[in-house]
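Hi,

Here is the structure we talked about. Please open it before reading on; my notes follow below.

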Amino acid sequence: MLYTEPYQVFIPVKNEEKKSDWLESDKAKIFTDLSAETNVIVGADSMFDVFQQIKDSVSGMSDDTICIFAHDDAYLLNSADYLVQLLETTFSEESTGFVGVAGCKRLKSSACWWDGLGKDNPNNPKENNLLGSIYHGTDILHMHPTYYGFCGQAHVMDGVFLAFTKRTLDKLQLEMPDYFTGKWDFYDIYFTFQADAHGLRNYVAPISVLHESVGEGALQDGWRDNREGFVAKFGKWLS
């Protein structure tokens, strides 16, 4: 596949000060090395609004255009050359949906993708349902890995880093569903679940990301409410 568009990178931030901070940080460097077009989205109403803005931004581009979404506190540790090779190999198949760093093979009835963490042996892929890894910490000198399992095809994935094409985005319902109340939660499950339902293949890939957050969102009311709404809507399709 020949990519005629530069990579499109999208980073949501709360305000202009956060935008300046991010653009001046080391987190932005790999995207400069990629010769990517970086779009810092300021003050979106929700994460669903962020993805609608992404869709609007790439609407006139090729279906093969590769988009990268990442949290503003996520630091990619791989080189640009490595990331290009990995993404262009993975997206050479039009059946690829999302590429991410962590997720699960099948979403369980809890609708919590990391259900089983600490119980299943992550080095036994026959028994373990989880995939990938994420580093957590404030910087590269103060970080620790959370290892979920091997890489491979995923049902749903975590949203700290997601790569996808315009083709995939155009297949998805991006509006916040009426059974969600949290504006910033469960978008990752909702979107990657849809991609799988459309017959696309999501992949957890060997991409190293340092995430400054340790996932506090899962403790918030919005996350819990959205999880309950998702289970009520799709529970019969969960394992």
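Which residues of helix H3 (residues 47–57) are buried? In this predicted model, they are Met-47, Phe-48, Val-50, Phe-51 and Ile-54. Look down the axis of H3 and these buried residues fall within an arc of 155 degrees, so they line one face of the helix. An α-helix has 3.6 residues a turn, so residues three or four places apart point the same way.

Ser-46 caps the N-terminal end. One of its side-chain oxygens lies 3.3 Å from the backbone nitrogen of Phe-48.

Next, two backbone angles to look at. Most residues other than glycine have a negative phi.

- Ser-35 has a positive phi, near 55 degrees. It sits in the loop between helix H2 (29–33) and S2. Ser-35 is exposed, at 58% relative accessible area.
- Ala-111 also has a positive phi, about 60 degrees, and is not a glycine. Its loop runs between strand S6 (102–104) and strand S7 (130–139). Ala-111 counts as buried, at 1% relative accessibility.

Best wishes

Methods. Residues are numbered from 1 along each chain as its sequence is written. This is a predicted model: local features need pLDDT of at least 70, side-chain atom pairs count only at pLDDT 80 or more; totals for chains, interfaces and linings use all residues. Side-chain values use heavy atoms; hydrogens and water are left out. Buried means under 20% relative accessible area, exposed over 50%, partly exposed in between (1.4 Å probe, protein chains only). Helices (H or I, at least four residues) and strands (E, at least two) are DSSP runs, numbered from the N terminus. The arc is that of the directions from the helix axis to the C-beta atoms. A polar contact is a pair of N or O atoms within 3.5 Å; within protein, one must be able to donate a hydrogen and the other to accept it, and residues adjacent in sequence count only if both atoms are side-chain atoms.
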